[in-house]
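This report describes one protein chain for a reader who is new to structural work. Please look over the sequence and the structure before reading on.

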Amino acid sequence: MIPLNLPPYEIKIREANGQRKIFDTLRRKYVALTPEEWVRQHFVHYLIGHKHYPATLLANELKLQVGNKTLRADTVLYDTALQPRMIIEYKAPTIDITQKVFDQIVTYNRLLHVDYLIVSNGLSHYVCKMDYTHQKYLFLEDIPDFQNL
């Protein structure tokens, strides 16, 4: 896997049935090591270790239902009242962050109605704060620390 634009952490990888797996600290299990999962695990550790997000308020692979279609939000941050506050969408480092990626996360937000959206491919990170009054989102310079949300 390629180096990312995220701080390193103590990565736990193992082989199982001929497949490389990485430990997901939120799901507390080893999952398939894909390029997107590589980004997710680095990003989650960054949020917990550097931005002070409580691991207990983060969830990976949140199922969302849109009619007969089941979607999965990559990571969701909840507040202490367990209301969704942030959706994070990951792409593999080789995938460019395009309008299509933002359209995907906006679809998730129609269901969750959060305050923040983040999209990352591990190399580039985009964060925006929702402005529901004016029906737009405002891009931020940096990912806020948990206490500043």
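Which residues does Asp24 touch, not counting residues up to four places away in sequence? The model examined here is a predicted one. In this model, Asp24 touches Lys29, Val31, Glu37, Arg40, Gln41 and Asn60.

Asp24 belongs to strand β2, which covers residues 19–24. Is Asp24 buried or exposed? Its relative accessibility is 0%, so Asp24 counts as buried. With one of the residues that Asp24 touches, Asn60, there is also a polar contact: the two side chains are joined at 2.9 Å.

## Overall architecture

The chain contains 2 helices and 9 strands. Read from the N terminus, the order of these elements is β-β-β-α-β-β-β-α-β-β-β. The radius of gyration is 15 Å, close to the 15 Å given by the globule rule for 149 residues, and the chain is therefore as compact as a globular protein of that length.

Along the principal axes, the C-alpha atoms fill a box of roughly 50 × 35 × 35 Å. Of the 149 residues in the chain, 43% are buried. When contacts between residues at least 6 apart in sequence are considered, 46% of them join residues at least 24 apart.

In soluble globular proteins, nonpolar side chains tend to be buried together. In this model, the largest nonpolar core has 24 residues, and those with the most contacts inside it are Phe43, Leu47, Tyr53, Met86, Ile88, Ile118 and Ile143. Two or more residues of this core come from each of α1 (35–49), β6 (84–90) and β7 (116–120). Helix α1 provides the largest share, 6 residues.

Ile118, one of the residues with the most contacts inside the core, shows which parts of the chain meet there. Leaving aside neighbours within four places in sequence, Ile118 is in contact with Phe43, Met86, Ile87, Ile88, Glu89, Ile105, Tyr126, Val127 and Ile143. A second, separate core has 18 residues, including Leu64, Ile87, Tyr108 and Val114.

## Aromatic pairs

How many aromatic pairs does the count come to? The count comes to 8. One of the pairs is formed by Phe23 and Tyr30; it is edge-to-face, with 5.2 Å from centre to centre and 65° between the planes. Phe23 has a relative accessible area of 23% and is therefore partly exposed. Tyr30 has a relative accessible area of 23%, so Tyr30 is partly exposed as well. The ring of Phe23 also has a charged neighbour: the charged end of Lys12 sits over this ring, 5.3 Å from its centre.

Phe102 and Tyr126 form an edge-to-face pair, with 6.3 Å from centre to centre and 65° between the planes. This pair links distant parts of the chain, 24 residues apart: Phe102 lies in helix α2 (residues 99–112), and Tyr126 lies in strand β8 (residues 125–131). Phe102 is buried because its relative accessible area of 8% is under 20%. Tyr126, by contrast, counts as partly exposed, at 35% relative accessibility. Together with Tyr137 and Phe139, Phe102 and Tyr126 form one aromatic cluster.

Technical notes
Residues are numbered from 1 along each chain as its sequence is written. This is a predicted model: local features need pLDDT of at least 70, side-chain atom pairs count only at pLDDT 80 or more; totals for chains, interfaces and linings use all residues. Side-chain values use heavy atoms; hydrogens and water are left out. A nonpolar core is a set of buried Ala, Val, Leu, Ile, Met, Phe, Trp, Tyr and Cys residues joined through side-chain atoms within 4.5 Å. Buried means under 20% relative accessible area, exposed over 50%, partly exposed in between (1.4 Å probe, protein chains only). Helices (H or I, at least four residues) and strands (E, at least two) are DSSP runs, numbered from the N terminus. Contact means heavy atoms within 4.5 Å. Rings of Phe, Tyr and Trp (its six-membered ring) pair if their centres lie within 6.5 Å; planes under 30 degrees apart count as stacked, over 60 as edge-to-face and the rest as tilted. A charge sits over a ring if NZ of Lys or CZ of Arg is within 6 Å of the ring centre and within 35 degrees of the ring normal. A polar contact is a pair of N or O atoms within 3.5 Å; within protein, one must be able to donate a hydrogen and the other to accept it, and residues adjacent in sequence count only if both atoms are side-chain atoms. The radius of gyration is taken over C-alpha atoms; the globule rule is 2.2 Å times the number of residues to the power 0.38.
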